[in-house]
Amino acid sequence: MIDDSKPIFMQIAELIENGIVDGTMAEESQVPSTNEFAAFHRINPATAAKGVNVLVDSGILYKRRGIGMFVATGARAQLIARRTEEFVEQYVKPLAVEARKLGISAEQLNTMIERNSGLAPETGTDKERSAAL
Amino acid sequence: MNETIIEARHLVKHYKELNALDNVNLSLTANRIYGLLGRNGAGKTTLMSILTAQAFATSGEALVFGASAYENDAVLSRICFIRESQKYPEDFHPQHAFRSAALFYKNWDQDFADRLAEDFQLPLKRRIKKLSRGQLSAVGVIIGLASRAELTFFDEPYLGLDAVARQLFYDRLVEDYAEHPRTIILSSHLIDEVANLLEHVVVIDRGRIIMDADAEEIRGSAVTVSGSAEKVDTFLAGRKILHRETLGSLASVTVDEALGSRDRAEAQELGLELSPVSLQQLVVRKTMAGPGATGAASKTNDFADDTLEARR
């Protein structure tokens, strides 16, 4: 789960974000404590705290004094908007590089995506995504 | 909260012609987990011995909690030093060792020690000299954890402990540290195993500190670029190269700098592969590089073996 590609606190923040985006961590639900994250991922507690604090600073999580950390209302939409922006850099460009290397045309690529993605052909019906775009 | 608790200035230690410590300057703050890394004979144990007043420096100054630890009970009672081969009186049982520790350390937690003994399946009423190597290490690990000393040194405490017992040690260390923050200095060869536990890393090589940085800063500070040798070399021209390997027309080169997103995109365009460098790989590269590397030729295999093992 944790690897060497980037700082651990960023990976912790991403793991929590993933949970929020895919719905396992609902808005207004409590997230585990930094010590629980540290014990679970076998990482330094200060590092886990740093990861959580990144999300507090960006308004994804908020603190209830003496109780713990909670997912903010609107966090999911905020994350989806940001990730949609990053989608081209992180996924589309590497895909294009490999396609070019193999001599796959844009048309062929589109066909492949349509056949294999399981996505609905008309993405505009997804309310949250169109809001994000 | 984060006051400096260890301050070493210009520490030098000579053993006859050997320079065990060569002008070491170090400043460590409270309540963090430090990794003290380096090869055998690099000076790790010497440094810890001087800080804990078990050896004398040839010159320089070592302050712990603001004072010298030599014959200073006020300082020594706050320090726990678990050596690689800790010696105990001949006829002691583990429970005698724990009782002695309880007398010395004011934060000693007997319940915790009992739980750990159970976890490590340590026979409490067997003479220590009859214990296996791993059980002997467990005695040290238990004392180091249950003493809850403000400053705890673990000098390769895992000799003879199997992978399961080592994992138990790391897990208990993180859990207990989270509840009772204190300063831990962990010296280890098994860098991959402890890397994620460390907040700050100090690497010592031939008596000198060659790295002193937060673990998170180090993570991602180096990268391995591989692909066709020609493209790799063009891409990396002018960068600080730590290591270079070739296989036919392919090259795999580790550089000691992070790549920005533009560099990454460029590497991608060129069809080069980027892979992260683990803390262990980085320490291996750094302690093999540089002049005089042949000086410790007899020990070159230590890390190589660990790396190979980690890859399996």
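How many helices and strands are there in chain A? Chain A has 6 helices and 3 strands, where helices (H or I, at least four residues) and strands (E, at least two) are DSSP runs numbered from the N terminus. Everything below comes from a predicted model, in which local features need pLDDT of at least 70, side-chain atom pairs count only at pLDDT 80 or more, and totals for chains, interfaces and linings use all residues. Residues are numbered from 1 along each chain as its sequence is written, while chains are lettered from A and ligands numbered from 1 in the order in which they are written.

**View 1. Chain A, element by element.** Starting at the N terminus, the order is α-β-α-α-β-β-α-α-α. Of its 133 residues, 22% count as buried (20 or more other C-beta atoms within 10 Å of a residue's own; exposed means 12 or fewer, partly exposed in between; C-beta atoms are placed from the backbone).

View 2. B:Y88 is partly exposed because 19 other C-beta atoms lie within 10 Å. Leaving aside neighbours within four places in sequence, B:Y88 is in contact (C-beta atoms, placed from the backbone, within 7 Å) with B:A97 and B:I128.

**View 3. Strand β10 of chain B and its partners.** β10 (residues 223-228) pairs (at least two DSSP bridges between two strands) with β12 (residues 250-255) in the antiparallel sense over 6 bridges. Here B:S226 stands opposite B:S252. β10(B) also pairs with β13 (residues 273-276), again antiparallel, over 4 bridges, and B:V225 has B:L274 as its bridge partner in β13(B).

Definitions and conventions:
Contact = placed C-beta atoms within 7 Å.
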